Amino acid sequence: WYMGRQPKPAAPDANAETHGAKRALLIGINYKGTQFELRGCINDVKSQQEMLVKHYGFNTQDMQVLTEEEPKENWPYKNRIVEGMKWLVQ
């Protein structure tokens, strides 16, 4: 769901081979409590997650969501983002 428009369904490509499960790494950082604080990044991640499940057939178990709503040790710092990227390509 982007700017009020429904996403187009994923077009099957007859020549494409699929290997492994679909995965997603969703990162929402509002920089809470800093001079660079943003608004809506975490809400955007929630919307993207919902879209991937409803319109593209993703399972929530195949997603990693990194936001500042988690306990601080799980916040999307560099090392957690790198771990998530490695998980994506396993």
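This is a predicted model: local features need pLDDT of at least 70, side-chain atom pairs count only at pLDDT 80 or more; totals for chains, interfaces and linings use all residues.
Is Trp-75 buried or exposed, going by its relative accessibility? At 19% relative accessibility, Trp-75 counts as buried, because buried means under 20% relative accessible area, exposed means over 50%, and partly exposed is in between (1.4 Å probe, protein chains only). Residues are numbered from 1 along each chain as its sequence is written, and side-chain values use heavy atoms, with hydrogens and water left out.

**View 1. The protein chain follows the pattern β-α-β-α along its sequence.** Here you can find two helices and two strands. Helices (H or I, at least four residues) and strands (E, at least two) are DSSP runs, numbered from the N terminus. Of the 90 residues in the chain, 23% are buried. Among contacts with a separation of 6 or more, 57% join residues 24 or more positions apart; contact means heavy atoms within 4.5 Å.

**View 2. Helix α1 covers residues 41-56.** Its 16 residues reach 21 Å from the first C-alpha to the last, close to the 22 Å expected at 1.5 Å a residue. The expected span is 1.5 Å times one less than the number of residues. Which residues of α1 are buried? They are Cys-41, Ile-42, Val-45 and Leu-52. They cover an arc of only 110 degrees around the axis, which puts them on the same side of α1; the arc is that of the directions from the helix axis to the C-beta atoms. The buried residues of α1 pack against β1 (24-28) and β2. Asn-43, also in α1, is partly exposed at 48% relative accessibility. Gly-57 follows the helix, with a positive phi near 70 degrees.

**View 3. The largest nonpolar core has six residues.** Look for Ala-24, Leu-26, Val-45, Leu-52, Phe-58 and Met-63. A nonpolar core is a set of buried Ala, Val, Leu, Ile, Met, Phe, Trp, Tyr and Cys residues joined through side-chain atoms within 4.5 Å. The elements giving two or more residues to this core are β1 and α1. Beyond its neighbours within four places in sequence, Met-63 has contacts that include Gln-49, Val-53 and Trp-87.

**View 4. Asn-30 sits in the loop between β1 and α1.** Asn-30 is buried, with a relative accessible area of 12%. Its side chain reaches the backbone nitrogen of Cys-41 at 3.0 Å. A polar contact is a pair of N or O atoms within 3.5 Å; within protein, one must be able to donate a hydrogen and the other to accept it, and residues adjacent in sequence count only if both atoms are side-chain atoms. Not counting residues up to four places away in sequence, Asn-30 touches residues including Phe-36, Arg-39 and Glu-68.

**View 5. Thr-67 belongs to strand β2 (residues 63-67).** Thr-67 is buried, with a relative accessible area of 3%. A polar atom of its side chain lies 3.2 Å from the backbone nitrogen of Glu-69. Among its contacts beyond four places in sequence are Gly-28, Asn-74 and Trp-75.

**View 6. Trp-75 and Tyr-77 form an aromatic pair.** A search of the whole structure finds one such pair. The pair is tilted, at 6.2 Å centre to centre and 40 degrees between the planes. Rings of Phe, Tyr and Trp (its six-membered ring) pair if their centres lie within 6.5 Å; planes under 30 degrees apart count as stacked, over 60 as edge-to-face and the rest as tilted. Tyr-77 is partly exposed, with a relative accessible area of 40%.
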